[in-house]
Amino acid sequence: MIYSYVKIFLPNIQRFKAAVQAGKGFNPSDFGEVLAAGKGNPPPEVHAEMIALYPLIDSKSSSESSGSTSSASSGEKKAWDDY
């Protein structure tokens, strides 16, 4: 089992969804920029860094469980081209 955080380019979103739903192997870098990847589940530090840098990631479960806040929950949003 592996994890990857991928910054998917807009034209590739539908292709990515189809690849995931097909359940077959694929290369995440074919759909965008791989920001972080590894074996197993992402370590909490990596997940926290991704949430801080890219607040579009669903951080609801991690902020509730840790009690911490991230830039995504502070109400401060980046412009679409800042990601």
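**Salt bridge and pocket**

Modeller: In this predicted model, the side chains of Glu33 and Lys7 meet in a salt bridge, at 4.0 Å from N to O. The pair joins distant parts of the chain, with Glu33 in strand S2 (residues 32–39) and Lys7 in strand S1 (residues 2–8).

Colleague: How many salt bridges does a search of the whole structure find?

Modeller: Side chains of opposite charge can pair when their charged atoms come close. The side chains of Glu33 and Lys7 meet in this way. Over the whole structure, the search finds one salt bridge.

Colleague: Is Lys7 buried, partly exposed or exposed?

Modeller: Buried means under 20% relative accessible area and exposed means over 50%, with partly exposed in between. The relative accessible area of Lys7 is 23%, so Lys7 is partly exposed.

Colleague: And Glu33: buried, partly exposed or exposed?

Modeller: The cut-offs are again 20% and 50%. Glu33 has a relative accessible area of 39%, so its class is partly exposed.

Colleague: Which element gives the most to the lining of the largest pocket?

Modeller: The largest pocket holds about 320 Å³ of space. Its lining includes Lys7, Phe16 and Pro28. The elements that give two or more residues to this lining are S1 and helix H1 (13–22). With five residues, the element that gives the most is S1.

Colleague: How many residues in the lining of the largest pocket are nonpolar?

Modeller: Among the lining residues are Val6, Ile8, Leu10 and Phe26. By class, the lining has two charged residues and one polar residue, and the nonpolar residues number nine.

Notes:
Residues are numbered from 1 along each chain as its sequence is written. This is a predicted model: local features need pLDDT of at least 70, side-chain atom pairs count only at pLDDT 80 or more; totals for chains, interfaces and linings use all residues. Side-chain values use heavy atoms; hydrogens and water are left out. Helices (H or I, at least four residues) and strands (E, at least two) are DSSP runs, numbered from the N terminus. Buried means under 20% relative accessible area, exposed over 50%, partly exposed in between (1.4 Å probe, protein chains only). On a 1 Å grid over the protein atoms alone, a cavity is a set of points where a 1.4 Å probe fits but cannot get out, and a pocket is an open set with protein on both sides within 12 Å along at least five of seven lines; lining residues have an atom within 4 Å of a point. Grid points are joined across faces, edges and corners, and a volume is the space filled by probe spheres set on the points. Ala, Val, Leu, Ile, Met, Phe, Trp, Tyr, Cys and Pro count as nonpolar, Asp, Glu, Lys and Arg as charged, and the others, Gly among them, as polar.
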